[in-house]
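Here are a few notes to read alongside the model. Have the structure open as you go.

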Amino acid sequence: MAYKFRMASYKVTVATVTYVAVGDDGHVAVSTNLNSGSAWTNYTVGGGTDEIYAVGYGKDVDGDNVFLLATTTDSDNIFSSSAPADGAGTWDVADAGGPVYSIRDLAFSDFGSSNNDKSWIGGGASGELVRFSSGSWSNTDLGTDNIWSIATDGNQNWVLTTSTSGRRFEYHKSTDDGANWALSFSEGWVAGAGDQNKHVAYGNGVWVSTNRGRIHSATDSDLTSNTWTLRATTTNHVMAVQYGASSKWMAVDGSRNVYVSTDNGTNWTQKTDINGANVPQEVAYYDGSWIVVTDGTVDNIQTSSDDGDSWTSITSTGAVIRKIATSVILPNT
């Protein structure tokens, strides 16, 4: 099933980075700085009733930079905007929902010599993928259950995390820009895991992925041989992981514990906890600052500029935040 990718007519002209955070009840919060107490533009999209669990940054078929977000509905659930600071009216339905229910993550790959070669891929709770490539959207049933997270190396390689009704955690890979997928890693469901976040990210030649309180890594060559190495265990389920710069990675768990690797994902050290009592949902990185969003409504965007040694509350958006993206095409280099 193919869909036309309708993009908003607005163009991005950005001198500084833009941060877009999304969450419950269609909530969107936008800012161009991380100053403590900074004012964020807040509004709702999709009627203000749908949950938003996915946001990413990339390009459309014209090569214009855009943010995409995805809601938990099963139709008209992907929106695009190239000027998110200008409000809800800048978001345009991308006509890509189809039968993919509750998209939990999406990512963009800048691989390809033309804009039509570049890909967006998202994964849903139905175990299906939605993919934009060659100028149109298509859907693929992976044959699993919940797809939680997806990442790309910006080349033709992708990894996603999923859980199955057979009580397995699985990582699946694609080496042809999302056209075909194969199982890369599988392990049994640990006690008490439930439907917790399972997250994957790529940076500096390494894939890092998590299941419950386990952090695994694989190099580019390891991905070929499906070799994933257990690097660390945490006291609670890991909610998110992200590469920063200079071989540094950060992971945050459901108890606000922070773990940092300075040797490209091999060894991990626990750092200072996230402020407050709310559960971290996502971690992002830009220009020396780590950004964490939580499921609270007050002080729910926090940053660290010293690799997790201390945290500063930036703003209160008034709504639960699930994901955050910056106007930088991942993976970070």
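Strands here are DSSP runs of at least two residues, labelled E and numbered from the N terminus. Keep in mind that this is a predicted model.

1. Start with Gln 281, which sits in strand E24, spanning residues 280-286. Is Gln 281 buried or exposed? Its relative accessibility is 7%, so Gln 281 counts as buried.

2. Next, the largest nonpolar core, which has 15 residues; Val 20, Val 28, Leu 69 and Trp 91 are the ones touching the most other members. At least two residues of this core come from each of strands E1 (19-23), E2 (27-31), E4 (52-59) and E5 (65-71). E4 gives the largest share, three residues.

3. Trp 91 is worth a click. Leaving out residues up to four places away in sequence, Trp 91 touches a set that includes Val 20, Tyr 43, Phe 67, Leu 69, Phe 79 and Pro 84. There is also a second, separate core of 14 residues, with Ala 54, Ala 94, Val 100 and Trp 137 among them.

4. I'd look at the three cavities of 30 Å³ or more. The largest cavity holds about 420 Å³. It is lined by 28 residues, and Val 55, Leu 106, Ala 107, Gln 242 and Leu 330 are the closest to its centre.

5. Which strands line the largest cavity? E4, E8 (103-109), E12 (146-152), E16 (200-203), E24 and E28 (321-326) each supply at least two residues of the lining. By type, the lining has 19 nonpolar, six polar and three charged residues.

Definitions and conventions:
Residues are numbered from 1 along each chain as its sequence is written. This is a predicted model: local features need pLDDT of at least 70, side-chain atom pairs count only at pLDDT 80 or more; totals for chains, interfaces and linings use all residues. Side-chain values use heavy atoms; hydrogens and water are left out. Helices (H or I, at least four residues) and strands (E, at least two) are DSSP runs, numbered from the N terminus. Buried means under 20% relative accessible area, exposed over 50%, partly exposed in between (1.4 Å probe, protein chains only). A nonpolar core is a set of buried Ala, Val, Leu, Ile, Met, Phe, Trp, Tyr and Cys residues joined through side-chain atoms within 4.5 Å. Contact means heavy atoms within 4.5 Å. On a 1 Å grid over the protein atoms alone, a cavity is a set of points where a 1.4 Å probe fits but cannot get out, and a pocket is an open set with protein on both sides within 12 Å along at least five of seven lines; lining residues have an atom within 4 Å of a point. Grid points are joined across faces, edges and corners, and a volume is the space filled by probe spheres set on the points. Ala, Val, Leu, Ile, Met, Phe, Trp, Tyr, Cys and Pro count as nonpolar, Asp, Glu, Lys and Arg as charged, and the others, Gly among them, as polar.
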